[in-house]
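Colleague: I'm new to this one. Could you walk me through how to read it?

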Amino acid sequence: MTSPDTAVGPTVVQRWRSARWVLLALVVIVGVATLSTVLTAPRPGGPMDPESTSPEGARALVTILRERGVDVIAADDIAAVERAARPDTLILVAQTFHLFDDDLLRRLAALPGDRLLVEPVSRTREVLAPQIRLGGATKLGENKPDCDIREATRAGEVQFGLGDAYEAHGDVPVTRCYGGALVRFTDNGREVTVVSTGGFMTNSGLLKDGNAALAMNLAGSHQRVIWYAPQHSEENGESSGGATPFDLMPDQVIWIFLQLCVGVALLALWKGRRIGPLVAEQLPVVVRASETVEGRGRLYRSRRVRDRAAEALRTATLQRMMPRLGLGHDAEPPAVAQAVAERCGLDPQTVAHTLFGPPPANDPDLVNLAHELDDIERQVAQS
């Protein structure tokens, strides 16, 4: 027999040893959940943004290219393009409506390497691809390449949709594909490819027909790709639209905001400690259920809405009878009428007329309907 002096509880060390594995498991779970949230979080962005996971972004194509060994360099401005440009690179230029500065366009045209212009605006096309011009619009059904450009013939049919069609402008030979939606020519040893739309290269457009194949063939034709899709306008090589509202705020605003947060938190703690237990209070007016029913009945009678009164009576009767019949609230009217008839020994058609029939035509019929519903409910309860 153990004496009271020898019966001791677990020590702090023993409790820690038994609980440390639980704490470690919780830490691991929280860490994995946090990492998964960060990795799978959506990345918003504009059209053709290489880091955007939105339908108009291009992260899916960039990820596929990198998995296939292509070195994709995402350039945010013209200076980054100039640092990465080499003769063996492909410069992909998109979102060209942000490129309106003449000096910027001349710097871009002077860089070495091949070009892939995606949906260029007129000013960009005149500087970077003066050998072509607009030749109308593409026609519906022109989804086949019908040319000898290797990237297009390997991809086959694609879904460009309606867009601009290009044609040659000058003596330089131009190869046209997909009714002019894709053209290619050579200028000073530089291969220039122009497509009239970038929808087939976006995250949502890759799933259609041969869009993914054509996008991968065009953007992955070189081992090194400079992806230049500016999301804001640039002037003289410097960003003019990258300022955020936080950049425009004075430094003192942030400190004032932090002080307000601390003050609100301290006020919440101060007031929160003074909250006592709930106090039961008497209602100012007690209304009996019978008075509520009578009041609703008088309202129905004054408005002569016998249909709503009958519907309320039938609905309440069915809600009370359904559990006794073993039926759910979504049971069909024929099944309910048959179950009630078998339970009470009544005619199924008579039961169906009482429970689901037309609304009464006058007040005496409404009273008779209430009596019939009471009789059916009483028989179901007593059977």
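Colleague: Which residues form a nonpolar patch on the surface?

Modeller: Some background: this is a predicted model, where local features need pLDDT of at least 70, side-chain atom pairs count only at pLDDT 80 or more, and totals for chains, interfaces and linings use all residues. Residues are numbered from 1 along each chain as its sequence is written, and side-chain values use heavy atoms, leaving out hydrogens and water. Patches join residues with over 30% relative accessible area and no salt bridge: like charges within 9 Å, nonpolar side chains (Val, Leu, Ile, Met, Phe, Trp, Tyr) within 5 Å. Here the patch is Ile254, Trp255, Phe257 and Leu258, with about 470 Å² of accessible area together.

Colleague: Is Trp255 buried or exposed?

Modeller: Buried means under 20% relative accessible area, exposed over 50%, partly exposed in between (1.4 Å probe, protein chains only). Trp255 has 59%, so it counts as exposed.

Colleague: What is the strand order in the open sheet of seven strands?

Modeller: Strands of a sheet pair through backbone hydrogen bonds, either parallel or antiparallel. Two strands pair if DSSP finds at least two bridges between them. The order is β1-β9-β2-β3-β8-β7-β6, with mixed pairing. β1 (71-75) and β6 (175-177) are at the edges; each has a single partner strand, so one side of each lacks a neighbour in the sheet.

Colleague: In which sense do β7 and β8 pair?

Modeller: Antiparallel, over six bridges; Val183 has Val194 in β8 as its bridge partner. Their hairpin has two residues between the strands, and Asn188 takes a positive phi near 55°. By contrast, β2 and β3 pair in the parallel sense over four bridges.

Definitions and conventions. Accessible areas come from the Shrake-Rupley method with a 1.4 Å probe; for residues, only the protein chains shown count as cover. A salt bridge is a side-chain nitrogen of Lys or Arg within 4 Å of a carboxyl oxygen of Asp or Glu.
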